[in-house]
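I opened my notebook to keep track of what I looked up. Here is the model I was working from.

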Amino acid sequence: MVRSGVLRSLSLIQILVICDLQHYGASFYLPGVNPKSFRDHDEVQLKVNKVTSTKELLPKEYYHLPFCKPPKDQLKMDRENFGELLQGDRIETSPYKLRFKDDMYCEQVCVTNLGRGERRGSKPNKMASAIHNEYHNNWIVDNLGSAEWEDEDDALESGYSHGFPIGFVSVTDNKAYVNNHVNIRIEYHPVDGKDNEYNIVFFAVEPLSIKHDFEPLDVEQLDSSGFRVATIINPIESCTNLVDKRHTDFQMVTMEGWGPQEAAGKVLFTYDVIWEKNSKLRWANRWDVYLEMDDPLHGEVPWLSIGRKMVIVLVLSAMVAAILIRNLRRDINKYNRVPVTDEERAEALEEYGWKLVHGDVFRPPVTAPMLLAVFAGTGAQLLSMLFPTIFFAALGFMNPSRRGRLIMGQLLLFVLAGGVAGYVSARFYKTFKGKSWYMNTIMTALFFPGMVFAVFFTINIVAATQGSSDAVPFGTIALLLFLWLGFATPLVFVGAYIGYTRDAIDFPVGTSGIPRQIPDQPFFMWFPCTVVICGIVPYGSCVVELHQIMAAMWDDEYFYVFAFLLVVFSIMLITSAEITVLFCYFQLCSEDHHWWWRSFSNGGGSALWVVLYGISYFRTLQTNSVAAYVLYFGYMAVVCLGLFLTTGFVGLYASMWFNKAIFASIKID
């Protein structure tokens with residue numbers, strides 16, 4: 001899951017090789033990673049994480065709600081890495097006692113008071129409010145997240161959101177009912193070559209709501225083991241002392257005489273534990289069940305999607321080749337032809353087409369040259385961060401089982417790529433004949449990181465006021481500032497120093513003293529039109545994957561097909577470069593030499609379509625809280641800005657390379 005993190009906005013893009021898409025799960029564990037093995041009756045820890053909701057977007061700490069807690073001396077929080085803190089993970093111990101291969105029946109956890117019942121005109125209690133907002137539990141056993149287990153078909157729900165609901169809202173009375181009983185199902189696989197040693201390969205939970213009629217035990221009556229906290233007056237079959245009893249199931253809890261437990265008053269929490277041997281599912285593939293949908297075409301869909309995108313690339317490349325290569329060859333032959341007759345000499349003196357702008361084509365941009373240099377440097381920095389990040393993610397270093405690694409990797413690479421930002425920005429700014437080198441370097445170091453930090457800090461304040469686990473402590477904020485100002489900024493200055501000591505970018509033709517007047521352009525070459533047209537092609541090549549990324553960010557779904565996404569991102573970059581070069585040629589043929597900003601904006605045009613898609617996607621989340629608006633549109637703004645800078649840099653660089661190539665191939669008098 002990529003949702004709920006401060007830097008989830010940077011998790012967007014990639015490129016590399018197509019691996020066997022039907023076996024992604026197997027790539028999650030690398031050689032040398034040792035699985036944990038268990039023996040009979042070994043203690044198995046069940047840990048709890050934040051509770052999440054696709055309706056509220058802001059997660060909360062598990063014990064923010066009145067769930068059963070372990071004794072104070074046993075309530076501990078896991079030592080989390082920096083990425084987990086930024087994601088909002090808060091992993092803690094739980095009061096649920098599990099022993100390896102020991103089935104348990106209706107074990108009691110605690111009696112807790114959920115508060116007053118729901119009444120018209122009164123505010124619901126914490127638990128009822130969370131149920132109405134569709135919050136889900138996220139439990140962990142041996143680093144495996146809990147899946148929701150459907151008793152009807154004894155299988156995972158197709159395309160499930162990880163975790164399981166803390167309750168449900170009745171359609172009859174619109175009241176919240178709490179799932180106070182869970183069936184914990186754990187499957188294990190024998191360790192090869194070792195007797196009586198096993199690996200846990202699957203963990204699922206079936207939540208149920210049971211209205212136990214009980215009498216709490218006095219302190220003197222409590223079991224020394226702590227497994228009995230109340231006497232159930234009318235127990236269901238699994239809660240009796242029968243020797244041959246069954247595990248709790250849906251049919252059992254819906255028999256006449258029992259019903260669901262309303263999220264109010266004193267509630268008894270219970271659980272069953274079911275252990276099953278699974279000889280087919282191996283430890284290295286145990287994440288497959290969480291990541292694959294119950295779709296027989298699932299393994300074929302990536303190939304079909306890649307095939308469609310390759311067709312787009314081939315068609316666009318053929319179009320660019322047909323238009324550019326054929327026309328350029330004709331133009332270059334005409335421009336380089338030695339005139340023989342008087343008519344040819346007169347024609348040679350009368351320049352036309354893109355050759356007309358040879359004295360202005362490499363003229364520095366008139367509008368905000370420093371800002372363009374800063375944008376180019378930041379785009380190069382983001383590109384330098386994204387490729388290594390997704391490369392290692394495709395190798396399995398940053399998968400769902402390694403919580404927080406993706407954000408940590410992105411953050412580290414972004415800091416190290418500060419030198420790239422400084423160097424690229426300095427080279428462009430020197431080429432633009434800028435003089436305020438120090439200000440350009442400062443802007444490069446502060447512009448994009450400053451915007452990301454401002455959005456993060458604002459959202460962090462909102463999360464803190466809402467009691468969300470997304471709110472990070474002051475120490476984490478201080479560490480982020482230290483990484484930015486103490487490491488990334490000096491690296492930007494180092495890169496800028498190297499860039500300024502180099503010569504400016506060399507161009508094959510000089511610049512005239514007086515700028516050439518630009519004639520009126522047709523409407524389809526106006527700035528807004530070209531941005532929209534150039535953006536829709538790369539956007540169309542990745543819209544399916546964009547939906548998967550958005551689902552991972554906001555709908556609590558896992559995203560794991562990084563190798564596939566690498567290919568898709570490479571296709572998006574290629575299409576962005578090709579369509580930008582094509583429109584740059586059209587622009588020069590129209591005698592418009594202001595291509596610097598136009599090429600950057602055309603290359604980043606796909607970000608405009610992502611903005612529109614993001615607005616459309618927000619309508620599917622069914623949330624109306626102010627905090628959700630701030631969270632969603634704050635992060636999406638940073639995502640779209642990052643995408644604009646990245647693809648804009650690709651478009652700018654491709655157009656510059658193209659212009660240098662064509663003007664170097666002709667003779668200029």
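I started with C239, which is buried at a relative accessible area of 15%; buried means under 20% relative accessible area, exposed over 50%, and partly exposed in between, with a 1.4 Å probe and protein chains only. Before going on, I noted that this is a predicted model, where local features need pLDDT of at least 70, side-chain atom pairs count only at pLDDT 80 or more, and totals for chains, interfaces and linings use all residues. I also noted that residues are numbered from 1 along each chain as its sequence is written, and that side-chain values use heavy atoms, with hydrogens and water left out.

How many disulfides does the structure hold? I found 2 of them, a disulfide being a pair of cysteine sulfur atoms within 2.5 Å.

C239 forms one with C106, and their sulfur atoms sit 1.8 Å apart. The angle about that S-S bond is 70°, so I wrote down "right-handed" for C106 and C239. This pair links distant parts of the chain: C106 is in strand β4, while C239 is in the loop between β16 (230-232) and α3 (250-253), 133 residues apart. Helices (H or I, at least four residues) and strands (E, at least two) are DSSP runs, numbered from the N terminus. C106 is buried too, at 8%.

The other disulfide joins C68 and C110, again with 1.8 Å between the sulfur atoms. Here I read -85° about the S-S bond, and the link is left-handed. C68 lies in the loop between β2 (52-53) and α1 (82-87) and C110 in strand β4 (residues 104-113), so the pair ties together parts 42 residues apart in sequence. C68 has a relative accessible area of 3%, and C110 counts as buried at 13%.

I then numbered the bonded cysteines in sequence order and got the pairing 1-3, 2-4.

What about C584? Its sulfur is 9.6 Å from the closest cysteine sulfur, in C589, which is too far for a bond. C584 is buried, at 1%.

**A helix check**

Just after α13, I spotted E591 with a positive phi of about 65°.

**Cores and rings**

A nonpolar core is a set of buried Ala, Val, Leu, Ile, Met, Phe, Trp, Tyr and Cys residues joined through side-chain atoms within 4.5 Å. The largest one has 85 residues, and F428, F448, W554, W595, W596, Y632 and F663 touch the most other members. Helix α16 (residues 626-664) gives this core its largest share, 20 residues. Apart from it lies another core of 44 residues, among them V51, F67, F203 and W275.

I counted 46 aromatic pairs. Rings of Phe, Tyr and Trp (its six-membered ring) pair if their centres lie within 6.5 Å; planes under 30 degrees apart count as stacked, over 60 as edge-to-face and the rest as tilted. F362 and F507 are stacked, at 4.3 Å centre to centre and 10° between the planes. They are 145 residues apart, F362 in the loop between α6 (342-349) and α7 (369-395), F507 in the loop between α11 (474-501) and α12 (527-554). F362 is buried at 5%, and F507 at 17%.
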